[in-house]
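Visitor: I'm new to this one and would like a close look at a single part. Could you take me through the salt bridges, and how many does a search of the whole structure find?

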Amino acid sequence: MMYESQSRKLKSNPNAKIFIDKNIFHQTKEVIETRAEARAIALEYGDIESFTPSDEYIGLVIQYPDSHGSVYDPSDKIKEAKDKGILVTVIADILSLTLLTPPGEMGAEYSYR
């Protein structure tokens, strides 16, 4: 969905990529890679805390909480990404959202559980 939503941006920058939190769950990573390969979408994995939004990205994927059980408040990164026109997907554990701020309240476009 993120790729299709950013089709105009991709026309101006066909080398654009999606930044993915390096601490996403293994099974989620496999699904993302399978879908990205079929559409030739470039992926970049890294530390979400060091992510710097720029025109080279069309999307940002955050795991919340991450695969190590760590909780990072991504609201600043979500705002920075949105300010640059980058779509944000947050992969959240639904039970954790009874205690944590829901991704939609932080400005994320998409949230998967």
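Guide: One cut-off to start with: a residue is buried under 20% relative accessible area, exposed over 50%, and partly exposed in between. Also keep in mind that this is a predicted model. The search of the whole structure turns up four salt bridges. As background, side chains of opposite charge can pair when their charged atoms come close.

Let's start at K17. This residue makes a salt bridge with E44, and their closest N and O atoms sit 2.8 Å apart. K17 belongs to strand 1, residues 17-21, while E44 belongs to strand 2, residues 42-46, so the bridge ties together parts 27 residues apart in sequence. Now, how covered are the two ends? K17 counts as buried because its relative accessibility is 19%, which falls under the 20% limit. E44, at 23%, is partly exposed.

K17 has another partner, too: its side chain meets that of E56 in a salt bridge, at 3.1 Å from N to O. Here again distant parts of the chain are linked, since E56 lies in the loop between strand 2 and strand 3 (57-64), 39 residues from K17 in strand 1. With a relative accessibility of 34%, E56 is partly exposed.

K77 is buried at 10% relative accessible area, whereas E80 is partly exposed at 35%.

Strand 3 is mostly covered, with eight of its eight residues buried. Strand 3 also pairs with strand 4, residues 87-92, in the parallel sense over six bridges, and there Y64 faces A92 of strand 4.

How values were computed. Residues are numbered from 1 along each chain as its sequence is written. This is a predicted model: local features need pLDDT of at least 70, side-chain atom pairs count only at pLDDT 80 or more; totals for chains, interfaces and linings use all residues. Side-chain values use heavy atoms; hydrogens and water are left out. Helices (H or I, at least four residues) and strands (E, at least two) are DSSP runs, numbered from the N terminus. Buried means under 20% relative accessible area, exposed over 50%, partly exposed in between (1.4 Å probe, protein chains only). Two strands pair if DSSP finds at least two bridges between them.
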